[in-house]
Amino acid sequence: MGGLRYLGRKLVQVALTLLAVVTFNFYLFHVLPGDPIKLLARAGNLQPEDIARLRELFGLDQSLPVQYLVYLRDLATGNLGMSLTYRQPVVDILAERIVNTVELLAAATVLVIIIGVVVGVIAAARRGTRVDTASVVTSLLFWSLPTFWTGLMLIFILGVWLHAFPISGSGTPGVVYASLGAQVVDFGAHLVLPTLTLVLVDIGQFVLITRSSLIDVLTEDFILTARAKGLSSSQVLWRHGVPNALLPVITTSALYVGLVVGGAIQVETVFSWPGMGRLIYDSVLRRDYPLIEATFLVFAMTVILTNFATDLLYMWIDPRVRNA
Amino acid sequence: MIRWRNAATVAVAAIMAVAGCSSSATPAPTTPPSSGTPSASTGVASAAPSVAATPSSQPLRIGWLNEPDTMNPLTTYSTEAVEVLQLVYDKLLDYDLSLKPEPELASSYEYSTDGKSITFHLRTDVSWQDGQPLTSADVAYTYNLIHDNQLGQYAQFLTDLTSVQTPDPATVVLTFSAPQAFDPALVIPIVPRHIWSAMTAKAIESFANSTPIGSGPYKFGQWQKGASLTLTRNDGWWGRPLPSPASVTWVLYGNSDVMGQALQSGEVDIVPQVPPTVFDGLTNVANVKTVSLPSFSFHHIGFNVSSNPKSGGNPLLRQLVIRQALEYSVDRNQLVQLCLAGHGQPGDSIVPAGLTDWHLAIPPDQQLNNDPAKAKQMLDAAGYTDRDNSGIRETPDGKKLEFRLIAIATTDVDVCAAHLFQNAAAAVGIKLDLQTLDANTLGNDVYNSAAPNWDIFVWGWDSGTPDPSYMLGVPLCDQIGGNNDVYYCDKQYDALYNQQATTIDPVARKQITDQMQQMYYQNAAYLVMWYQDKLQAYRTDTWTNWTQVPGGMMFNFTRDNYLKILPAH
Amino acid sequence: MTATVPLAVERPTGGLAAARANLALAWADPIGRAGFALLGFTFLVAILGPVVFPFDPTEVGTSAASILQAPTAQHWLGTDELGRDVFRETIAGSQVSLLVGLLATAISMIVGTMAGLGAGYSRGLVGAVLVRITDFFLVLPTLPLIIVLAAIAGQSLGIIIVVIGLTSWASTARIVRSQILSLRERVFIERVRALGATDLRIAVVHILPNVLPLVFANTVLVIAGSILAEATLAFLGLGDPVHVSWGTMLHFAFEVGAAGRGAWWYLLPPGIGIVVVVLGFTLVGYTLDRILNPRLRNR
């Protein structure tokens with residue numbers, strides 16, 4: 001069956017790409033710096049005996065291929081090393097932070113896609129009018145905003161000046177919440193500014209993609225047929241136009257995960273949001289190499305897996321793809 | 001506190017401990033007797049009567065910019081960890097709000113006639129936070145653990161320890177090979193033997209102690225890494241009255257400006273470490289009081305004067321005239337004005353001005369400060385002139401006076417000072433190539449004692465104790481490989497150090513320490529730029545009864561402010 | 001009427017004349033014209049600005065009162081944390097930001113075009129490998145990669161330029177490759193090949209000129225991205241501490257608490273500078289993309 005074969009091919013591709021990322025990671029952190037012990041040794045004055053023991057421990061006295069296999073084995077068993085800053089296993093630190101980033105990105109992604117698509121649809125429907133031009137120009141303008149600077153401006157205007165929303169962290173510290181509802185409200189209040197930053201900066205892409213895709217679709221024959229059948233404008237638009245225009249939107253959504261990673265790093269840094277983005281920034285600042293390595297790997301693998309999920313989604317939505 | 005470097009050594013030790021390797025210990029300076037009373041006197045410090053704290057349900061929230069590295073009090077070097085753990089663990093003695101010794105676990109103590117032994121009489125009503133009673137066995141265990149394994153930052157205070165005796169569960173006798181000027185009982189936290197003795201010393205080195213059990217006024221609550229750390233009041237604490245704050249939460253901020261905003265919005269009650277510009281922004285805010293206190297710290301420029309043949313440092317820096325010329329080129333007052341926004345004093349000697357009894361203020365006519373004309377004169381006279389009109393002076397055989405300058409990228413005041421230093425040096429014809437590094441790399445480069453490959457750095461020191469011996473002991477010959485960051489070695493200086501170490505009379509001792517400070521200053525291995533003020537700010541509408549202590553209301557040698565503050569209503 | 005004659009005459013779309021026509025179209029479009037105007041203004045400031053208003057980084061303030069001062073007649077945009085004039089500093093920063101953006105893009109474009117040519121034109125293993133590598137770099141998240149490389153390699157301006165360039169070439173490569181794939185089967189290529197042209201000659205002389213317009217449009221957008229990347233790197237503290245760019249200014253503004261002090265004069269100018277430049281390139285790139293991509297032309 002075409003479907004199974006497609007799936008099989010995709011699985012192989014994903015596996016290969018993941019392996020490529022892992023290998024690339026190995027190259028970045030173990031081969032490129034010249035001597036990984038040098039990186040670890042930067043953390044403290046090591047005596048020659050200590051260095052020898054470390055080499056033995058990490059299998060660095062072996063040849064490169066063997067080191068690579070040791071590296072793969074460690075990864076497979078969930079051993080991502082010890083953080084130099086916290087002196088704890090890296091996995092433990094990652095586990096604490098991932099949830100926070102997922103919460104932030106989930107909120108932002110949902111809003112970006114929904115608002116972006118709706119505005120894009122409206123712009124396409126009113127193509128050529130001032131609403132359309134305004135949407136396009138605004139989208140391009142917002143796309144040009146640096147994420148971190150937008151965050152700073154929001155802190156300045158909505159946080160410091162108008163005192164409307166909290167400007168850091170994911171919750172009010174040291175507070176005992178009266179109820180789960182109170183905690184949710186507090187969390188939501190802290191979520192507003194970081195999410196707003198991401199939404200502002202990323203919404204433009206979805207507006208433009210939706211708009212151009214829909215304009216394409218609206219010129220196709222079956223739309224003319226629908227109109228000829230007497231369906232109203234909005235019915236034509238929403239029931240026939242939009243669903244067929246969604247494919248590129250889905251592609252962009254998949255790519256968005258890759259793009260929003262960069263945004264997450266900036267937003268989490270500016271708003272002190274305790275997630276993965278801030279973790280990679282803090283660990284780079286301290287040159288905590290085991291932590292940097294693991295965080296980068298998580299980011300890369302997440303993007304790859306999201307792309308894979310999108311491919312599966314495609315397969316389900318668009319039968320033409322299966323037989324390609 | 002002691003620098004990062006030792007912390008990082010422990011980090012690597014932790015990694016190697018996983019494989020059963022041992023880390024190398026760092027030699028410690030010997031502490032001389034100070035103006036204590038090593039006769040058979042009894043020391044019973046009494047707490048000054050004050051308004052008594054009563055347990056409240058109000059939380060105390062503190063903002064900070066760095067997190068602790070671990071909850072293990074015996075292996076940490078992080079100032080933040082020490083600040084938190086001083087509330088979880090008790091010591092035999094502690095500093096009070098006047099930075100004088102007060103009793104803690106030891107209700108009284110006395111010295112032997114020869115001054116080499118101290119007998120501590122412990123309270124008998126102390127229990128650990130898990131219910132077990134605290135006895136002299138715990139004290140003996142802790143001191144022996146630190147001493148026998150050279151464990152952590154407190155090991156340097158126990159180098160002269162010869163024995164720990166426990167004649168009964170409420171008595172501990174510490175015996176040293178020589179009278180100790182600095183009593184280590186003031187800083188060493190006591191850990192529970194019934195929990196820790198189950199581990200080998202190696203295991204302790206990498207022990208994270210994620211749920212610390214102590215005997216102190218606060219119990220460990222939770223630590224959300226990257227966000228906040230909370231302690232809750234230990235209502236079974238032996239001390240009376242019980243502290244007011246029901247809980248203490250330290251909140252981590254990624255940025256000092258945001259932290260200042262948090263104070264203004266009431267998200268935190270106090271911020272104990274504020275950068276100068278943020279501090280100035282808080283001065284006229286309603287319900288916020290800003291406090292500036294003298295600190296026991298300085299920031300300095302260090303010149304690599306190592307005579308090790310393997311040293312990669314530029315040998316020209318071993319010329320006194322070049323170092324002194326660089327000292328003359330800098331206007332320390334300008335550094336204070338621009339980098340600290342005026343919140344500090346120009347620096348001179350190695351003993352911080354906050355130690356008012358011991359600091360030597362170098363007389364103005366002997367100061368190597370802010371005289372570029374003199375610098376140029378000195379360099380000209382020594383034969384370092386700009387022969388090829390490049391703007392940079394050369395030696396007679398053509399070597400340029402060009403040096404590498406390193407600073408920690410994330411320490412803004414150091415980067416500021418480095419830029420200004422570059423300009424100042426350029427104005428007298430010396431080129432400095434600035435590179436900013438992360439703290440770990442800089443520390444490792446500087447302290448690579450086998451072959452230090454750097455020329456000049458910008459860094460800082462916090463005095464580990466309120467006694468001059470700490471800072472004076474840094475440039476000793478036997479501290480090369482230890483704290484000696486510029487590889488200074490002067491037998492005469494070392495002899496004076498050992499002399500003041502055995503001088504009991506404070507007047508006589510001060511004469512020697514003054515001489516040492518003068519000597520070290522004129523030899524220009526350090527350029528002490530400034531003594532920064534400790535800048536703190538707190539809300540006036542949540543907690544009151546703060547005592548301003550030199551060195552800071554918090555992040556100081558005393559924890560008593562936590563115990564004495566009262567709700568503002 | 002028989003259908004032996006193709007409905008449309010095949011004609012190459014490259015060449016100087018076509019380029020001029022495209023640029024004219026871009027200028028005619030109001031969005032494109034706005035973009036050109038912004039770019040013109042930016043380059044004017046970057047080239048002439050430092051001549052008329054030179055910035056001396058050693059000209060620092062004299063006392064604590066001169067730090068973070070609000071705008072005065074003497075300092076039109078106030079002072080920074082060292083007491084230096086923000087107006088002149090912003091102008092000087094434009095040079096650094098633009099330089100990094102342009103040079104990084106040059107690297108990206110060269111590498112990307114070559115990779116795309118190779119991937120698109122060579123059949124067999126080399127092509128397949130290049131495609132995989134391109135896809136791999138497309139999938140790697142950019143900012144983490146840039147941050148990591150900067151951490152490992154160092155913080156000089158040169159390294160930053162190379163790092164940004166090496167992380168952005170994949171989009172160019174993909175465009176080049178897809179263009180080539182569609183071009184190499186075209187009729188006029190067959191004719192040229194029949195006349196005895198080698199693959200290399202075909203690639204360089206015939207295909208490349210037709211690929212370049214789209215590459216150019218994409219490059220304009222890559223410039224915008226590179227400028228944003230440098231600003232972000234500098235803001236995160238990984239920039240070159242010696243050469244002050246707009247991102248560096250914002251880094252120090254954030255560090256010294258400009259927001260809390262209300263020092264809008266330190267926060268707004270560098271940020272607006274970035275937005276103006278990036279918007280200029282974005283508008284032009286968007287317009288060119290619409291002109292050159294026939295499917296988009298009707299919009």
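These notebook entries record what I looked up in a predicted model.

**Conventions.** I used residue numbers that start from 1 along each chain as its sequence is written, with chains lettered from A and ligands numbered from 1 in the order in which they are written. Local features need pLDDT of at least 70 and side-chain atom pairs count only at pLDDT 80 or more, while totals for chains, interfaces and linings use all residues.

**Chain B.** I noted 16 helices and 21 strands in chain B; helices (H or I, at least four residues) and strands (E, at least two) are DSSP runs, numbered from the N terminus. The C-alpha trace spans about 80 × 55 × 50 Å along its principal axes.

**Chain C against chain B.** I found 20 residues of chain C in contact with 22 residues of chain B, contact meaning that C-beta atoms, placed from the backbone, lie within 7 Å. On the chain C side, α10 (246–255) and α11 (258–261) are the elements that give two or more residues. Of these, α11(C) gives the most, with 3 residues.

**Nonpolar core.** I recorded 317 residues in the largest nonpolar core, where A417(B), I146(C) and I147(C) have the most contacts. Helix α9 (residues 199–235) of chain C supplies the largest share, 17 residues. Such a core is a set of buried Ala, Val, Leu, Ile, Met, Phe, Trp, Tyr and Cys residues joined through C-beta atoms within 7 Å; buried means that 20 or more other C-beta atoms lie within 10 Å of a residue's own. Not counting residues up to four places away in sequence, I147(C) touches I280(A), V284(A), L236(C) and L238(C).

Key: Two residues are in contact if their C-beta atoms, placed from the backbone, lie within 7 Å. A residue is buried if 20 or more other C-beta atoms lie within 10 Å of its own, exposed if 12 or fewer, and partly exposed in between; C-beta atoms are placed from the backbone.
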